[in-house]
Amino acid sequence: MELSASQIRRLILDEHTVLRDILEEIEQTLGEMTRRVPGSITRLRTSLRTFHDAFVRHLEHEETVLRPVLVDVDAWGPARVAAMDEEHLAQRTALAQLSHLALDQDLDGTVQHVEEFVRRLRADMDGEEHHALSEEVLRDDIIVIDTFMG
Ligand SMILES: [Fe+2]
Ligand SMILES: [Fe+2]
């Protein structure tokens with residue numbers, strides 16, 4: 001099934017909503033860790049794993065579904081895709097670092113590290129929505145305009 005630009009936009013934005021919910025859950029657990037609530041490390045480990053899997057799937061979706069549309073939207077398409085590739089590389093590195101972190105060795109250090117990760121991922125998603133996923137960029141009339149120009 002072919003998806004239109006606006007359908008792809010909707011799909012990716014819906015995934016961002018799910019990802020933000022998990023980030024919120026992670027932040028709540030970080031609060032519990034700071035208060036040394038029993039079981040919080042296990043909960044953090046679980047929600048980090050949930051986030052990891054959801055985010056990896058999200059990156060793959062963007063690369064297979066969004067990428068081919070984004071590259072063609074306008075003259076900045078290739079630059080937008082290059083920026084996305086670069087961001088995804090950095091995000092995969094941050095995910096890998098996080099999955100190797102021994103969460104229970106230095107609780108405050110873990111809280112700080114994960115807080116920073118959450119902040120960065122939120123900023124990345126906000127920026128992406130502003131630049132690559134805006135309504136002006138992912139329009140359904142792209143093909144029509146191309147036809148008129150050609
Ligand atoms: Fe992305
Ligand atoms: Fe994204």
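Is arginine 36 buried or exposed? I looked, and arginine 36 is exposed, with 9 other C-beta atoms within 10 Å (exposed is 12 or fewer, buried 20 or more, partly exposed in between, with C-beta atoms placed from the backbone).

A note on the source: this is a predicted model, where local features need pLDDT of at least 70, side-chain atom pairs count only at pLDDT 80 or more, and totals for chains, interfaces and linings use all residues. Residues are numbered from 1 along each chain as its sequence is written, and chains are lettered from A and ligands numbered from 1 in the order in which they are written.

I then found arginine 36 in the loop between H1 and helix H2 (40–70) (helices are DSSP runs of H or I, at least four residues, numbered from the N terminus). Arginine 36 has a positive phi of about 55°, though it is not a glycine. I kept in mind that most residues other than glycine have a negative phi.

Next I checked H1 against H2. Their axes come within 9 Å and cross at roughly 165° (axes are lines fitted to C-alpha atoms over the stretch in contact, with angles from 0 to 180 degrees between N-to-C directions). H1 and H2 are therefore roughly antiparallel (angles over 145 degrees). Their contact divides into 19 nonpolar, six polar and five charged residues (nonpolar is Ala, Val, Leu, Ile, Met, Phe, Trp, Tyr, Cys and Pro; charged is Asp, Glu, Lys and Arg; the others, Gly among them, are polar).

Last, I turned to H1 (residues 5–34) and H4 (residues 107–131), whose axes come within 10 Å and cross at roughly 160°. H1 and H4 are therefore roughly antiparallel too.

Technical notes:
Helices (H or I, at least four residues) and strands (E, at least two) are DSSP runs, numbered from the N terminus. Angles under 35 degrees count as roughly parallel, over 145 as roughly antiparallel, 65 to 115 as roughly perpendicular and the rest as oblique.
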